[in-house]
Amino acid sequence: MTDSSISPVRTIGSTEELLAYSMAMETEAVERYNDLADQMEMHHNYEVADLFRKLAKIEGLHIENVNQASVGKQLPNLLAWQYEWEGGESPEGGSMEEAHYLMQPWHAIELAMHGEKRAVAFFRHVAESTSDEKVLKMALELVAEEEEHVALLQEWQERFPRPAKGWDDDLDPPAILE
Amino acid sequence: MTNETACVQLQPKEYKSGVKPVWCPGCGDFGVLGSITKALSGLQIQPENAAVISGIGCSSRMPTYLSTYGFHGVHGRALALATGLKVARPDLTVIATGGDGDGFSIGGNHFLHTCRRNPDMTYIVMDNQVYGMTKGQASPTTGPNWEKGKLTPGGTGINPFQPLVIALASGANFIARTSSSDSNGTARVIMDAINHPGFSLVQILSPCVTFRPEQRDWKHMLVPSPKEPTSDPAQAARRLLRDHGLYTGILYVGERSVYQPKLEPGISGIEEFEEEFRL
Amino acid sequence: MNRQNLSIALTGSGGSGVMTTGNMLLEAAAQAGWYGVMGRSAGPQIRGGEAAALLRVSSEPIESPDDNFDLVLAIDPGSFGRFVAEIPLRTDSLIISDAEGGRRSSSLPETPARLVDLPMKKLAKTVKGGRPNMIALGAVTKVIGLPEASIYSILEKLLKSKGADALEASWACVQAGFAAGADLPKVTGPSTNTESTQERWSITGNEAAGLGAVRGGIRFVAAYPITPATEVLEWLAGSLPRVGGVLVQAEDELASINQIIGASFGGTPSLTATSGPGLALMTESIGLAVCSEVPAVVLDVMRCGPSTGIATKSEQSDLSIALNGLHGDAPHLVLAPTSVTDCVFTTQWAVHLAESLQTAAIVLSDQSLGQTRAIVNRPADIAFMARRQVPERFEEDYYRYAVGDSGVSPMSIPGQAGGQYTADGLEHNEAGAPSSLSEDHFAQLEKRERKINGFDYGEHWADLEGSGETAVITWGSTSGPVREALSRLREQGEDIRLIAIRLLAPERPVEMAAALEGVKRLLVVEQSHSKQFHRYLRAAYDLQAEVRVLNRPGPLPFRPNEIIEQLNYWDEGNGNEGAMT
């Protein structure tokens, strides 16, 4: 089960459905980045917390885009858990399990990039498996968009030093709470 | 979700209490928290009509992070608390949450007997095969060769506890295993578990990134079971005998009778008791 | 000549039916207008072992065994030997025994009493289907002067299900007993009184506790059977469903205490019943009820400890664990009934207090109260009921553990929108979120202590009787013999105070000081080898008087004459070294 084979379990049959999936992904992403920011704050990693907040904001803008693209359309009313992604997790928004309390900004962007790359793969798969022209067109547009996001993140990541070996060393042992 | 007002009233977010979890970033329990909120939203259960009951451990912190009623009890006794609550208040949705230590070590006896009694509740066990809260000892589900436990430096050398086997043998009515990294899939299973009458066990493999960082690989190792759920306990037993612990999905959906005494008064007043003492 | 009091012991073994006979005698006594108590004693075998029915009947209500026994009926001589220590006799006591009654020849132990032979085994054989205990029943009836007719109706009730033939055979046997008994010396009981309109009950302490619980509002019980508490559970199992409640048989005591906390969290007043070993298991979770402020009532029917101890015998040695057995600083309630009748009141009051104060209440009964069947006047109705403070509506944020003046914060019930909180054994802040901050810990400790100490318990904390410079202080089942001893002394013109404490925790320093005002000599009476009650009094209260302790462990009960002797001994200016144990 590799990252690049994220695909919906059902075939997406309409642009409305595709937009709904896109909206779901963006919404999850906002929540996930905010959750990660909260976790970083709780663990006093403020630099990365701020970074995740920024990412949450950016995803919020993407939601705006999807909203605008959905004007005049009636999107299917799927609930959060009804989106079925192969491998389970929503492609975008980064895997929560890649987080680490000592993670550095470079890691955070890496995490975000993984998410965006999975989104690219997802939309590419939609494009490759659809027979609907409108869906194909929209999917390809979304692929392009997500690839742009990847590029932006790449640029952003270059501003941060690559973490040196020993970045996760903590001289203190884990605390016992109960 | 859509351009128009959502016709779904309670969003998953509304089931979070807003208290920030203290779990280590990377912990699988974050995913489970998300799944529980999605499941409750999916079922549109009013937060005041649900109660989440736990014992002690990292996973047992769950009730504090939800906006339902909750009880964070003592180590190992969540199922007893939950049973008492459910029997006295059958109208509530009762969910017990905890880890493999709380549930299968000190809580083992209550686990056995609650499966046996089969009250209508759901038990979510976040299994990370270690005692996280107390610094990383082997738990009942830890394999025999894990050598990092300070109290068992050569490995435990004993067979791990098989919760799904015990649940099936003891009388549980719904048995499933999921991965915490599959947030939506886990949510769907939790919904089914809550809906299904009787005692529903959902074992969620949920990595402990601090004491068992190798468990980050679980998401790549866990695969959906090739089989559909069965309602035949014998068939379920046979599958479990061949289970390598890495299949996800609903294993068993039973038809065992559910424990719920009726609470209906039959006499008009307490004075009627005096009959039996009166000379 | 009628005695006001009459004590009878029936002993037998090997399935001789001594308990049945004792029960029937007690019932016949009740019908004759007598009051009475019946305790029992047994060997370790589950069936066929030695058994003794220990009865006392009286023209007045009684709460204590008498000083000694007037009459013993030993269906076989060997059976009496086991119970010698529990059946003190006088020289003019009468033993009726069947020399041929045992399976092999055995003789009675040495006693001061008169001995008379009654060949019950042989007589029983003269009646078809006859049994020695029916001969014994008939004989005792005549000896103590009970009306024959009352026996028939009791027999009829008992053997209803076994058919007319069984009844006929038994009755014929009893009549043979009447005939044999007519020739025996008389040990006449109280004069019969069938005119009284006073409503009277036949009830055990365990049943009384169950009734008090249900009257108080208990509707959920989870429990694990343990001697000698099991009868409480049996009564509740049958009775609770009739009022829409339920009893769950749990897998162990740890499940029991947690199930009742869960049910109580859900809004249902809940209780469990156990004995010492079970209470020891439950202490961690009782602390959970205290810290999370969830009402819970734990009834401990005490038996001889420590550890497994003597399961079938009474003792007052769980006081320490009830008071101090919770880890941490965990103020809670400890109460103890003083008689079989008081088991109704004290249990009911405990429910009321636990619910009002949102805390744990431990009620200490004991085997001698729990398993004694008593003929008593109908217990008075009292108004104490479960009355939990529940918020009616919720402003913005609901703070479950808000500190406030009284220390009692309204408790939301699951189902109430806006009242959600997580109850916690972790220390917490006012909102209920876990907290390790010193100010939160201090505030919550103060709150939990203040709510209990600041409550107005009224006059029920103790029974205070009499005046004078000498006082006897006690608690629980020893109150009965103490009360009787002081009543006898009062008849002789000596006025000695009684302080029988019902509310052991929290301490009542102001009330106790008032009760001890003017007391120069204080006798502590308790059934504990290590003087747990005495230690408690010294720790909790200012005992300015000269103090002596009359104590011993179980299983032998205190008798009124022992208390009188101790007081007289003290009166005569004797030193403490003569204190009885």
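# Chat about a three-chain predicted model

Colleague: How many residues of chain B are in contact with how many residues of chain C?

Modeller: In this predicted model, 43 residues of chain B are in contact with 50 of chain C. Contact means that the two C-beta atoms, placed from the backbone, lie within 7 Å.

Colleague: Which elements supply the side of chain B that touches chain C?

Modeller: β1 (50–54), β2 (69–72), α2 (78–88) and α4 (108–117) of chain B each supply at least two residues. α2(B) gives the most, with 8 residues. Helices (H or I, at least four residues) and strands (E, at least two) are DSSP runs, numbered from the N terminus.

Colleague: How do the residues on that side of chain B divide?

Modeller: Into 23 nonpolar, 14 polar and 6 charged. Ala, Val, Leu, Ile, Met, Phe, Trp, Tyr, Cys and Pro count as nonpolar, Asp, Glu, Lys and Arg as charged, and the others, Gly among them, as polar.

Colleague: Before I go on, how does the numbering work?

Modeller: Residues are numbered from 1 along each chain as its sequence is written, while chains are lettered from A and ligands numbered from 1 in the order in which they are written. As this is a predicted model, local features need pLDDT of at least 70 and side-chain atom pairs count only at pLDDT 80 or more, but totals for chains, interfaces and linings use all residues.

Colleague: OK, B:Arg77 next. Is B:Arg77 buried or exposed?

Modeller: B:Arg77 is buried, with 31 other C-beta atoms within 10 Å. The cut-offs are 20 or more such atoms within 10 Å for buried, 12 or fewer for exposed, and partly exposed in between. B:Arg77 sits in the loop between β2 and α2 of chain B.

Colleague: And what is B:Arg77 in contact with?

Modeller: Leaving aside neighbours within four places in sequence, B:Arg77 is in contact with B:Gly55, B:Gly107 and B:His110, among others, and on the other chain with C:Leu254, C:Asn258 and C:Ser285. B:Ile53 is 24 residues away along the chain, and its C-alpha atom is 9.4 Å from that of B:Arg77.

Colleague: Switching to chain C. At what angle do α5(C) and α6(C) cross?

Modeller: Roughly 150°, and the axes of α5 (residues 148–159) and α6 (residues 164–182) of chain C come within 10 Å. Axes are lines fitted to C-alpha atoms, for helices over the stretch in contact, and angles run from 0 to 180 degrees between N-to-C directions. That makes α5(C) roughly antiparallel to α6(C); angles over 145 degrees count that way, under 35 as roughly parallel, 65 to 115 as roughly perpendicular and the rest as oblique.

Colleague: Which residues meet there?

Modeller: Among them are C:Ile151, C:Tyr152 and C:Leu155 in α5(C), and C:Leu167, C:Trp171 and C:Phe178 in α6(C). By class, that contact has 9 nonpolar, 1 polar and 2 charged residues.

Colleague: What about α12(C): how many of its residues are buried?

Modeller: 15 of its 16 residues, so α12(C) is mostly covered. α12(C) covers residues 342–357, and just after α12(C), C:Gln358 takes a positive phi of about 50°.

Colleague: Where does chain A come in? How far apart are the closest C-alpha atoms of chains A and C?

Modeller: They lie 9 Å apart, and no contact joins chain A and chain C. Chain A has 4 helices and 0 strands, and buried residues make up 40% of its 178 residues.

Key:
Expected span 1.5 Å × (residues − 1).
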